[in-house]
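Subject: Structure handover

Hi,

Here is the structure I promised to pass on to you. Please have a look at it first, and then read my notes below.

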Amino acid sequence: RTTTTLRGTTTTTTTTQSLLLLDILSARQTTVSAFERVDDVVMGGVSSSKLIASKDMPKLVWTGQVRVDGGGFTGVRTRRFNSPLDLSSYDGLVFDTNLESDDEPERRTWKVTVRTQDSRGEMVYQAPFMPNTPTEIPWSAFRLVRGPVAVPDVPPLGDEPEKLKEIYGVGIIMSRFGAAGPMENFRDGYFRLAINDVGCYSNDSSSTAPPTTFISDLASAEDSTNRGNRTFVGVLLAPLLKVLFNEKRRRRAQARRLLKRRYGMSELKARFVFGHKLKTNRLGAPSAVTQGVAELAADLLAILVAIPVRLLFKTQGVVFRVIRKLRGEKPLPKMA
């Protein structure tokens, strides 16, 4: 294998050529800043994760807690690329990862994602991989998905070389949702995945010129929520969506649901007794009352906002389905 970086090359015995897309060796913290997390809180879950730079080893560490209550997935992805990455000269991606938290990687579904549009939509190309061994993932393994469900009648990424000229993001997802649906033996809880290298490879080491930049050089400082190509409804409702999908508020709501389900607490007891006690121990009585009132007001506002927002998005969905039908296109799969 010929491994190429911006610093030089090293040669071993195989004939493929690989380019490292992450500068893990000399710029780990900069590389971490090029990523953002994508946890199931957007679907009402309580999973959480973070990507950190190892202080003493040339690796990144993706770690967190995955919970099946209300969700069951977590992920990291690159921030919006200021300009696309051309990977059309390569035959796929290379991922070198190790699961450090346990020895049961097969009890989760691991996926690599590739985004071929400068958009924040839910459809991306996705391919499975398994930690603990360097894995070459050919473009032919990447299928267009909406959530965990493959979009029908769309060829694999390897059959659409023009799309490989404009790669706008890559990411990793760990989920309980596989191609056949939720895993019965899914292992939730703590996980820790070491990311040693991420690159692309070519089967022709003699004629392929490597890209000239790292992912961290392309990634924007903005979150992907600021990406373009949003619908008119999405742009119009952006301030309301921030209220409706506030992460802290959703985590508090999920915590109250768990208290009610596991301990039989009422909504009033979970919020005004148990919750107030925690706030008082942490903040003191006056601040606890102030924060409790503010949280209650935010929850009431979210309830009021939810009704028109859901109605508008349902209307938008109906319009999109009618347009696809008039064009003779098949309906998109439902989100699992």
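**Before you use it**

This is a predicted model, in which local features need pLDDT of at least 70 and side-chain atom pairs count only at pLDDT 80 or more, while totals for chains, interfaces and linings use all residues. Residues are numbered from 1 along each chain as its sequence is written, and side-chain values use heavy atoms, with hydrogens and water left out.

The mean pLDDT of the protein chain is 81, and 82% of its residues reach 70 or more; pLDDT is the predictor's confidence in each residue, from 0 to 100. Over residues 1-15 pLDDT stays under 50, and the model has 38 contacts there beyond four places in sequence. A contact means heavy atoms within 4.5 Å. Where pLDDT is low, the predicted coordinates should not be read in detail.

**Overall picture**

The protein chain has 7 helices and 17 strands, taken as DSSP runs numbered from the N terminus (helices H or I, at least four residues; strands E, at least two). Of the 336 residues in the protein chain, 43% are buried. Among contacts with a separation of 6 or more, 73% are between residues 24 or more positions apart. The accessible surface comes to about 18000 Å², and 57% of that belongs to carbon and sulfur atoms. These areas come from the Shrake-Rupley method with a 1.4 Å probe; for residues, only the protein chains shown count as cover.

**The core**

The largest nonpolar core has 46 residues, and L51, W62, L93, V114, W139, F142 and I195 touch the most other members. Such a core is a set of buried Ala, Val, Leu, Ile, Met, Phe, Trp, Tyr and Cys residues joined through side-chain atoms within 4.5 Å. Elements that give two or more residues to this core include β6 (60-66), β8 (92-99), β9 (109-115) and β17 (189-202). The largest share, 5 residues, comes from β17. Leaving out residues up to four places away in sequence, L51 touches V32, F35, L60, V61, W62, V76 and I195.

**Salt bridges**

The structure holds 19 salt bridges, each being a side-chain nitrogen of Lys or Arg within 4 Å of a carboxyl oxygen of Asp or Glu.

- K59 and E100 have their closest N and O atoms 2.6 Å apart. K59 lies in the loop between β5 (48-53) and β6 and E100 in the loop between β8 and β9, so the pair ties together parts that are 41 residues apart in sequence. K59 is buried at 13% relative accessible area, whereas E100 is partly exposed at 36%.
- E104 and R187 meet at 2.6 Å, N to O. E104 is in the loop between β8 and β9 and R187 in the loop between β16 (181-182) and β17, 83 residues apart. R187 is partly exposed, at 27% relative accessibility.
- E267 and R256 meet at 3.0 Å, N to O. E267 lies in helix α6 and R256 in helix α5 (residues 247-263), so the pair ties together parts that are 11 residues apart in sequence. E267 is partly exposed at 31%, while R256 counts as buried at 12%.

**Helix α6**

K279 lies in helix α6 and counts as buried, at 11% relative accessibility. Beyond its neighbours within four places in sequence, K279 is in contact with G284, A288, Q291, G292 and E295. F272 is also placed in helix α6 (residues 267-283) and is partly exposed, at 44%.

**Two backbone spots**

Most residues other than glycine have a negative phi. N132, in the loop between β10 and β11 (135-138), has a positive phi near 80 degrees. D153, in the loop between β13 (149-150) and β14, has a positive phi near 60 degrees.

Terms used. Buried < 20%, exposed > 50% of the residue type's maximum accessible area, 1.4 Å probe, protein only.
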